[in-house]
Amino acid sequence: MLFSKDMKIIELIDTDYDLLSILLRLDVQLPFGDISIEQMCRRYDMSPELFLMICQIYAVADFEPQVDQLTGEDLHCIIRYLRASHRYYLDTVLPAIGSGVERVLEDCDHKQGAIVRKFYDDYADEVRAHLNYEETQIFPYVESLIGGRVSKVQMAENMANHTDICDKVDDVKSIIIKYLPESCPTWKRCDLLFDLYRMRDDLAKHTLIETKILAPLVYAEERKLAL
């Protein structure tokens, strides 16, 4: 799949409408007429190279980003995008899945419902804790590094303490598929499973941006400081 900075935004969306999620997180306002990707990036103070790289992560399976074409200046936009993704997860995705869990459990007995509800609530709490770690530890450090306000490098330590929350979604969906009684309607389960699969895939891409774009750029900035 080939994207280019000369491509019109409408052409990009027609190619893969899931990329609307990226525009939403970047707060790109409709209508955008026939402007190109480069024009849109200029308007929203983001490098076309970074925008196209994020689009390819979401649209191309097994895409491996190469950060050679990016610079430390892109770190501001990366942090902005990741923070917007956090708001999307916390304000939209988790509440929607929580409502889906409750709809499914309407047809379960109380004991089964309590077990599944606690399992999901524990997972949601883990997601919130993961995002909070990024908001309070990783992102402030990166911003301090950009501003030249750090006395020692610590990105490697931050990433070592950075837990993986993608696999836990599989545990939740396994319960929904394999262990709930037949009294829980299939259509309710499928609605919930669609949301769970989308969240798992989105979290995986989120993690890829952090490990393959954010971290390498930060390491490069740390080397420049030679602390």
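## Basis of the model

The model is predicted: local features need pLDDT of at least 70, side-chain atom pairs count only at pLDDT 80 or more, and totals for chains, interfaces and linings use all residues. Residues are numbered from 1 along each chain as its sequence is written, and side-chain values use heavy atoms, with hydrogens and water left out.

## Overall architecture

The protein chain has 9 helices and 0 strands, where helices (H or I, at least four residues) and strands (E, at least two) are DSSP runs numbered from the N terminus. Read from that terminus, the order of elements is α-α-α-α-α-α-α-α-α. Taken along the principal axes, the C-alpha atoms fill a box of roughly 60 × 45 × 25 Å.

Of the 227 residues in the protein chain, 46% are buried; buried means under 20% relative accessible area, exposed over 50%, and partly exposed in between, with a 1.4 Å probe and protein chains only. The accessible surface comes to about 12100 Å², and carbon and sulfur atoms account for 51% of that surface. Accessible areas come from the Shrake-Rupley method with a 1.4 Å probe; for residues, only the protein chains shown count as cover. Among contacts between residues at least 6 apart in sequence, 74% join residues at least 24 apart, a contact being heavy atoms within 4.5 Å.

## The largest pocket

The largest pocket holds about 490 Å³ of space. On a 1 Å grid over the protein atoms alone, a pocket is an open set of points where a 1.4 Å probe fits, with protein on both sides within 12 Å along at least five of seven lines; lining residues have an atom within 4 Å of a point. Grid points are joined across faces, edges and corners, and the volume is the space filled by probe spheres set on the points.

The lining comprises 17 residues, and D18, S21, Y88, R198 and D202 lie nearest the centre of the pocket. Helices α2 (20-25), α5 (75-105) and α9 (186-225) each supply at least two residues of this lining. By class, the lining has 9 nonpolar, 2 polar and 6 charged residues. In this scheme Ala, Val, Leu, Ile, Met, Phe, Trp, Tyr, Cys and Pro count as nonpolar, Asp, Glu, Lys and Arg as charged, and the others, Gly among them, as polar.

S85 is located in helix α5 and counts as buried, at 0% relative accessibility. Not counting residues up to four places away in sequence, S85 touches R25 and H206. S85 and L203 are 118 residues apart in sequence, yet their C-alpha atoms are 9.3 Å apart in space.

In helix α9, L193 is buried, with a relative accessible area of 11%. Leaving aside neighbours within four places in sequence, L193 is in contact with K173, I176 and I177. From C-alpha to C-alpha, L193 and D74 are 35 Å apart, with a sequence separation of 119 residues. A204 also lies in helix α9 but counts as partly exposed, at 37% relative accessibility. A204 and D167 are 37 residues apart in sequence and 9.1 Å apart in space, C-alpha to C-alpha.

A160 belongs to helix α7 (residues 155-160) and is exposed, with a relative accessible area of 64%. The C-alpha atoms of A160 and I79 are 19 Å apart, across 81 residues of sequence.

## Cysteines and positive phi angles

A search of the whole structure finds 0 disulfides, a disulfide being a pair of cysteine sulfur atoms within 2.5 Å.

Two aspartates in loops have positive phi values. D27 lies in the loop between α2 and α3 (37-43), and its phi is near 60 degrees, a positive value in a residue other than glycine. D45 lies in the loop between α3 and α4 (48-59) and has a positive phi of about 55 degrees although it is not a glycine. With a relative accessible area of 60%, D45 is exposed.
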